[in-house]
Amino acid sequence: MIPYSGHIEEKTSLRWRQHFRYTSNPYAASRSDISPHNTDAAMSDQPFPTATFKQQYHGIEVSFPAGQGDFRSVRNSCAAACRAFNSTPEDADVKVRGEKWLDIVKPNRPKKADGTSAEEGTMVTHDQAITNPTLKATIPFVKPPLWVDYGTRLKVASTTFINRNCVILDTPVADLIIGERCNIGTNCTIVCVGHPVSLEGRRTTKLSTGAPVTIGNDVWIGANVTILPGVSIGNGAVIGAGTVVNCNIPPMTLAVGSPVRLVKALALNEDKPAVLIKTLDESKELTNSLPMEHWDGTDAAFRAAQAAQLAQKSNRRGGSEHQRVEEQQRERLRKSEIVVIAAVTTVVLALLMLFSLFFFAGLYLGESRGCLRSSDL
């Protein structure tokens, strides 16, 4: 059974988005006074003294002084770790790449004298596990360059792939979780940090705010996607390229647009069959290209190209020009049938009225003749 299948269009309304954001978010607070209409209750200037505070404010946006010494120190250390990771070639030894990655997300782990991790075990990246099913990935496959702000609460599953130029603006006050078997495209930005909206707040307090982001298992995020703070993406969802995700995305849902809109519920297996190329030699023998569009310089050719482009857009929207013509013909036929039926009905009613008129006139004349004969007597 596919969750959230059915009337997806109805769920894209603002009311549904607000309801889903505050009721279905796995990080939603348990406090009864937190609601879409009472978000001020989520903010507090109280310190962080006990574990009760942590439970009470779980998942809520939290303010922190990013410019303070200890926060700045962690951020500078993470920046240095990112520079070291980005300077490591992609074809470097897996252990070297793995250590550079762990310096970003686990800088305080136990280390040996040579600076490598003290934990025993072979380091395997996600790409190695794909080519060799007997291996189990221990660290994700991340292509440089990568930029992370803090890394202290960044959790990425070992079976996930992150492509080039990923920017992660995480915070030390909220978790950023990326689940198993995710694919994150190039130039993606994941944002957990924010700032006060009011001018006075930005001038005086100069605080940053942090809210968690959770990306579930088996999520595919296209290129140039921006994910904003406080957002949860459900398992199996697909986010189209260029999307700005500003609200929660249900599981097994295709979402696109800026701002994001839900397109449809996804089936467990709806991929079209494709040709499988197993070796590089086979790929060299494969012819797979599109023909170049030619233009002879005439207006007729330009108009024909415009018409073809419009027809292609029409096909993408679900209907071809031929289908529209047939639909117009059917509509005209329906209108013609309605006109004929109306005309026939009018004629029949007119004949009935004439028949009734002659009938009653005959009755009247017959009664008149009968009265005349009786008066003669």
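In this predicted model, helix α9 spans residues 321–376 and includes leucine 352. The points below begin with that residue and its surface patch, and then turn to the core and to a sheet.

**Surface patch**
- Leucine 352 contributes, together with Val340, Val344, Val348 and Leu349, to a nonpolar surface patch of about 440 Å².
- The relative accessibility of leucine 352 is 47%, and the residue therefore counts as partly exposed, since that class lies between the buried limit of under 20% and the exposed limit of over 50%.

- In soluble globular proteins, nonpolar side chains tend to be buried together.
- The largest nonpolar core holds 41 residues, and the members that touch the most other members are Trp101, Ile215, Ile227 and Ile233.
- At least two residues of this core come from each of the helices α3 (69–86) and α4 (94–105), and likewise from each of the strands β3 (146–148), β4 (154–156), β6 (166–169), β7 (176–178) and β12 (213–215).
- When residues up to four places away in sequence are left out, isoleucine 227 touches Thr189, Ile190, Val191, Val213, Ile215, Ile221, Ile233 and Val245.

**Three-stranded sheet**
- Three strands form an open sheet in the order β1-β11-β10, and their pairing is antiparallel.
- The edges of this sheet are β1 (62–64) and β10 (193–194), each of which pairs on one side only.
- Strand β11 (residues 208–210) runs antiparallel to β1 and is joined to β1 by three bridges, with serine 63 standing opposite threonine 209 of β11.

How values were computed. Residues numbered from 1 in each chain as written. Predicted model: local features only at pLDDT ≥ 70, side-chain atom pairs only at ≥ 80, totals over all residues. Heavy atoms only, no water. Pairing = 2+ DSSP bridges. Helix = DSSP H or I, 4+ residues; strand = E, 2+ residues; numbered from the N terminus. Core = buried A, V, L, I, M, F, W, Y, C linked by side-chain atoms within 4.5 Å. Buried < 20%, exposed > 50% of the residue type's maximum accessible area, 1.4 Å probe, protein only. Contact = heavy atoms within 4.5 Å. Patch = residues over 30% accessible without salt bridge, like charges linked within 9 Å, V, L, I, M, F, W, Y side chains within 5 Å. Areas by Shrake-Rupley, 256 points an atom, 1.4 Å probe, with all protein chains shown as cover. Salt bridge = Lys/Arg side-chain N within 4 Å of Asp/Glu carboxyl O.
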